[in-house]
Amino acid sequence: MWALRSLLLLRSAAGRTMSQGPARRQRPPKDPLRHLRTREKRGPSWEPGGPNTVYLQVVAAGGRDAGAALYVFSEYNRYLFNCGEGVQRLMQEHKLKVSRLDNIFLTRMHWSNVGGLCGMILTLKETGLPKCVLSGPPQLEKYLEAIKIFSGPLKGIDLAVRPHSAPEYKDETMTVVQIPIHSEQRCDEQQPPRSPERLSPEPSSDSGSENPQHLPDGVSQRRGGRDPSLVVAFVCKLHLKKGNFLVLKAKELGLPVGTAAIAPIIAAVKDGKSVTYEGREILPEEICTPPDPGLAFVVVECPDEGFIAPLCENAAFERYQGKADTPVALVAHMAPERVLADGRYQQWMERFGPDTQHLVLNENCTSVHNLRSHKIQTQLNLIHPDIFPRLARLHRQVASQHGLRRPGPRTCLSVHRACFCVFQEERAAFTVPTVRGECLLKYQLRPRREWQRDALITCNPDEFIAEALEIPNFQESVQKYRKTAQDGPAPAEKKSQYPEIIFLGTGSAIPMKIRNVSSTLVNISSDKSLLLDCGEGTFGQLCRHYGDEVDRVLGTLAAVFVSHLHADHHTGLLNILLQRERALGSLGKPLRPLLVVAPTQLRPWLQQYHNQCQRVLQHVCLIPAKCLQKGAAASTPDVERWIRLLLGACELEEFQTCLVRHCKHAFGCALVHTSGWKLVYSGDTMPCEALVRMGKDATLLIHEATLEDGLEEEAMDKTHSTTSQAIGVGMRMNARFIMLNHFSQRYAKIPLFSPDFNEKVGIAFDHMKVCFGDFPTVPQLTAPLKALFAGDIEEMEERREKRELRLVRAALLSREQAGGPADSEPQQKRARAEGPQSPQSKKVRAQ
C-alpha cells in the first residue's frame with residue numbers, strides 16, 4: 001500500500017513537472033567529424049579507381065514556382081547545382097539526403113539560383129557537416145556575409161567560396177572546371193523605368209557604377225559588386241574507373257587466386273599491363289573487364305540572348321565538342337525558349353555530337369514537384385471544398401510563349417495533352433537528342449548511360465481520394481458534419497467573402513513536405529491584399545494556390561509585414577519583390593514600391609543583396625515596425641508619408657505593432673479596418689501581455705502554437721507557445737475567433753488537440769482559406785480531421801505517453817537514489833544539473 005501511495009505521489013509530482021516542461025531524453029552529441037572519418041577509412045583508393053554509380057537527378061525542373069536545380073549522386077559524394085527557393089523542401093520530401101552535400105555549384109547570382117541557400121546552409125549546419133564549398137560567381141562571398149546579418153555567425157560549419165577564377169576542383173568522384181561567360185549586354189546599366197511615385201528606403205550606393213576592372217575585350221566583370229553580365233558554366237569529368245578483375249577466368253588460367261601473389265597481378269592488369277606467369281604472357285583483357293572511361297557532363301545557364309554569342313564562341317568548350325578525348329554524355333541547359341530556338345545556340349548544341357544527350361530545364365517543363373501538398377489538399381477538399389480548395393497548376397506561359405490559345409478549365413488529362421503538344425513542337429525543332437526536365441528524372445552516367453524514369457512523380461487525385469475514403473470512420477465523420485451543418489441554425493449575418501485569409505505556410509523552422517514556413521495572405525478586398533510574414537517558398541505557395549491567377553494576386557499586393565528576422569519568416573520576400581515586378585509588367589501596370597513593415601535590421605540585408613546580386617531597393621519602401629508602436633512617432637517625413645500610404649492602400653484605420661517575447665526586435669501586429677473588423681497576428685512569441693492589450697476584442701487572432709501541451713519548458717527555451725498558451729492569449733484578449741498556426745514540423749500533418757479547444761478555435765493548414773463567416777464552421781471540422789489523421793494522432797499520443805512514463809521512472813529513480821525525504825532537495829538539484837541542456841541559442845529552431 002505504501003509503495004502504491006508513493007508511486008501515485010511520484011506520478012503527481014511528474015504531472016506537476018510536465019506542466020512546467022518534461023524531462024526530454026538527452027540526444028547523443030553530434031559527431032561533426034563523421035564525414036571526414038568516413039573519407040579517412042576510404043583512404044586514397046579513389047585515386048586509381050572511381051565511383052561505381054553516378055547519376056544526375058532533376059530536383060526542380062525550371063518552372064516559375066520551383067526554379068531549376070540538379071542533384072548529382074555518387075557513393076562518395078553528393079553535389080547540388082543551384083539552390084533556389086523550395087529546393088530544400090523538395091529534397092526533404094523526395095528523400096534526397098543533404099547530410100553529405102559538401103559542394104554546391106551556382107551558375108549566377110540570381111534569386112532563382114540562390115534563394116534557398118540561406119535555409120540550406122542552416123540545415124547543413126544542423127546535420128553536423130563540417131565544411132561546405134560554394135562554387136560560382138565571386139559575389140558569393142559577400143552573399144554569405146549578408147546571410148550572417150540574420151543567421152548569426154554560423155559557428156560549427158566552415159563555409160568556403162571557390163570563385164570561377166580558382167583552379168579546377170578534384171575529389172573522389174570527378175574533376176570540375178568552371179567556365180565564366182560574360183554577356184555582350186551591360187545588364188547592370190539597363191535601369192528599370194522610374195515610376196513617378198517611386199520610393200526607396202534610403203539613398204543606396206550602387207556598387208555596379210564602379211569602374212570595371214581591366215579585362216579582355218567583351219568582358220565586363222565588376223570588382224566587388226553585382227555583375228548580372230556573368231554566368232558560370234561547369235564541366236564535370238568523372239574519374240576513369242578501372243575494369244573489374246575476373247576471378248573465375250583467372251582460376252581457369254591457373255593464376256594464384258586467393259594468395260598474396262595475386263595482388264600485383266590484379267594491380268597490373270587493372271592498369272592495362274600484361275603480366276607473365278609461369279612463362280606465359282597474359283593480356284589484361286583476358287582477366288579484366290574494359291575500363292569505364294571518364295565521361296563528362298556540362299551544366300550551363302544562358303538566361304537571355306546576350307549570352308549566346310559569348311557562350312558559343314568560348315574556346316573552353318571546344319575540347320569537349322566534336323571528336324573529343326573526353327566524351328560529353330549530357331549537357332543540362334537552363335535557358336528560356338527564345339534562347340533554345342536561336343540558330344546559333346542550336347548549332348552549339350550540335351557540336352557536341354549525336355551521342356550527347358541534352359536536358360532542358362525552363363518554365364515550359366510542366367512537372368508536379370510538391371506531391372504531398374497535392375495529396376493532402378485533395379483529401380482535405382473532401383471535408384470542405386471551399387475552406388480547403390484544390391491546388392492549381394501553372395499552364396498559361398506554355399501557351400502564350402508559342403502563340404497558342406490559352407487552355408480553358410479542362411481536366412488534368414486535357415492539360416497534360418496541351419502541354420504534350422507544345423513539348424512535341426519543341427522537340428521537333430532540335431536535331432539532337434533532347435529531353436524536357438521533370439522532377440526526379442534521372443540520367444545515369446555509371447554503370448550504364450541511360451535515362452531512368454522510374455522515380456517520376458505521378459499526381460493522380462483519384463488515388464488520393466480512394467485512399468482517404470478507405471480510412472475507417474472518415475466518410476461517416478464527414479457525412480455527420482455535413483448533416484449537422486445542414487440542420488443547424490442559419491447564420492445570424494450574411495457571409496461576406498472579404499476579408500479572406502489564406503494560410504500559405506503554417507509550419508516552423510524549415511520547409512517540410514506538408515507544411516511550408518510562415519506566410520499568410522490577407523485579401524482585404526478583390527483588389528487589395530497584404531502578407532503577414534514571408535518565409536522561403538511563399539511565391540511557390542501562391543503559384544500552387546492560384547495557378548495562372550498568381551500575377552493578378554501579386555498585382556493586388558500592397559504591403560508585407562515581417563515580424564522578425566529569423567529565416568523562416570522573411571527569406572521569401574526578395575522573390576515576392578522580383579515576381580511582383582514581372583507580374584505588374586505583364587498586367588501593364590506601373591511599378592510602385594511595395595510597402596514593407598519590418599524591423600529596421602532588414603535594411604542591411606536588402607542593401608547587401610542589392611549591392612552584390614540584383615537591384616531590389618527600387619521595389620520597396622521600408623517602414624520600421626517600431627514606428628507603428630502605440631505612442632511612437634515616425635522617424636522621418638518619408639516614413640510618415642509611407643504610413644499614410646499604408647493605411648490608405650489597405651483601407652485601414654490603424655496598423656499597430658508591439659514587441660513580443662521571442663528574439664530581439666520581434667513584433668506582433670494588429671490591423672483595424674475602416675469597416676470595423678480587427679485582425680491580430682502574433683508572429684513568434686511566448687504568451688505576451690503586450691499582444692493581449694493591443695489585440696483587445698479582436699475579430700480574429702492568428703497565434704503561433706509551435707508545441708503541444710506538456711512541453712512548456714521546451715517552449716520557454718525556444719521562446720514559443722504551446723497550444724493551450726496560445727488559446728489562453730486569445731481568451732484574455734476576448735478574441736472572437738482564434739486560428740492556431742506555426743506548428744513544429746514534428747506535427748507534420750496535424751497537431752495534438754488540447755483540452756482547451758472550443759468553438760472559438762481552429763487549426764490552420766497550408767492553403768486553407770477562411771473568411772469571418774466560416775468561424776462557426778471551422779470548429780465543426782475537428783471530427784473529420786481527427787478521422788482523416790487518426791493514425792498520425794495515435795502515433796503522437798504514443799510518443800507523449802512514453803515521454804510521461806519516462807518522467808515517472810525518472811522521478812521514481814530520483815526518489816530511490818535520494819534515500820529519503822532529507823536527501824530529496826540535493827538530489828533534485830543534481831537531476832536538474834544532469835538533465836537535458838537548453839539549446840545553445842534562442843535562435844535554435846523548434847523542430
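This is a predicted model: local features need pLDDT of at least 70, side-chain atom pairs count only at pLDDT 80 or more; totals for chains, interfaces and linings use all residues.
Residues are numbered from 1 along each chain as its sequence is written, and side-chain values use heavy atoms, with hydrogens and water left out.

A negative surface patch is formed by Glu794, Glu795, Glu797, Glu798 and Glu801. In the assignment of charge, Lys and Arg count as positive and Asp and Glu as negative, while His and the chain ends are not counted; the place of a charge is taken as NZ of Lys, CZ of Arg, CG of Asp or CD of Glu. Glutamate 798, a member of the patch, is located in helix 28 (residues 790-818). Helices (H or I, at least four residues) and strands (E, at least two) are DSSP runs numbered from the N terminus. With a relative accessible area of 39%, glutamate 798 is partly exposed; the classes used are buried (under 20% relative accessible area), exposed (over 50%) and partly exposed (in between), for a 1.4 Å probe and protein chains only.

The structure holds 25 salt bridges. One of them pairs glutamate 708 with arginine 803, with 3.3 Å between the closest N and O atoms. This pair links distant parts of the chain, 95 residues apart: glutamate 708 belongs to the loop between strand 27 (700-704) and helix 25 (712-717), and arginine 803 to helix 28. Glutamate 708 is buried, at a relative accessible area of 6%, and arginine 803 is likewise counted as buried, at 10%. A further salt bridge connects the side chains of aspartate 792 and lysine 749 (3.7 Å, N to O). Because aspartate 792 lies in helix 28 and lysine 749 in the loop between strand 28 (738-741) and strand 29, this pair ties together parts that are 43 residues apart in sequence. Aspartate 792 is partly exposed at 25% relative accessibility, as is lysine 749 at 23%. Arginine 344 and aspartate 342 form another salt bridge, their closest N and O atoms being 3.0 Å apart; arginine 344 is partly exposed at 39% relative accessibility, whereas aspartate 342 is buried at 17%.

Backbone geometry was also examined. Most residues other than glycine have a negative phi, and most peptide bonds are trans. Glutamate 651, although not a glycine, has a positive phi of about 55°. Glutamate 651 is situated in the loop between helix 23 (637-649) and strand 24 (652-659) and is partly exposed, with 27% relative accessibility. Histidine 767, also a residue other than glycine, has a positive phi near 70°. The loop between strand 29 (761-763) and strand 30 (768-771) contains histidine 767, which is buried at a relative accessible area of 1%. Two cis peptide bonds can be described. The bond joining arginine 446 and proline 447 is cis, with omega about 15°, and proline 447 occupies the loop between strand 16 (442-446) and strand 17 (450-452). The bond from tyrosine 498 to proline 499 is cis with omega near 0°, and proline 499 is found in the loop between helix 17 (474-487) and strand 18 (500-505).

Helix 21 (residues 573-587) comprises 15 residues and reaches 21 Å from its first C-alpha to its last, close to the expected 21 Å at 1.5 Å a residue; the expected span is 1.5 Å times one less than the number of residues. Buried residues of helix 21 include Leu573, Ile576, Arg580 and Leu584. Glycine 588, with a positive phi near 75°, follows helix 21.

Glutamate 172, in the loop between strand 7 (169-170) and strand 8 (174-182), is buried at a relative accessible area of 7%. The C-alpha atoms of glutamate 172 and proline 51 are separated by 7.6 Å, although these residues are 121 residues apart along the chain.

Terms used
Patches are made of residues with over 30% relative accessible area and no salt bridge: like charges are joined within 9 Å, nonpolar side chains (Val, Leu, Ile, Met, Phe, Trp, Tyr) within 5 Å. Accessible areas come from the Shrake-Rupley method with a 1.4 Å probe; for residues, only the protein chains shown count as cover. A salt bridge is a side-chain nitrogen of Lys or Arg within 4 Å of a carboxyl oxygen of Asp or Glu.
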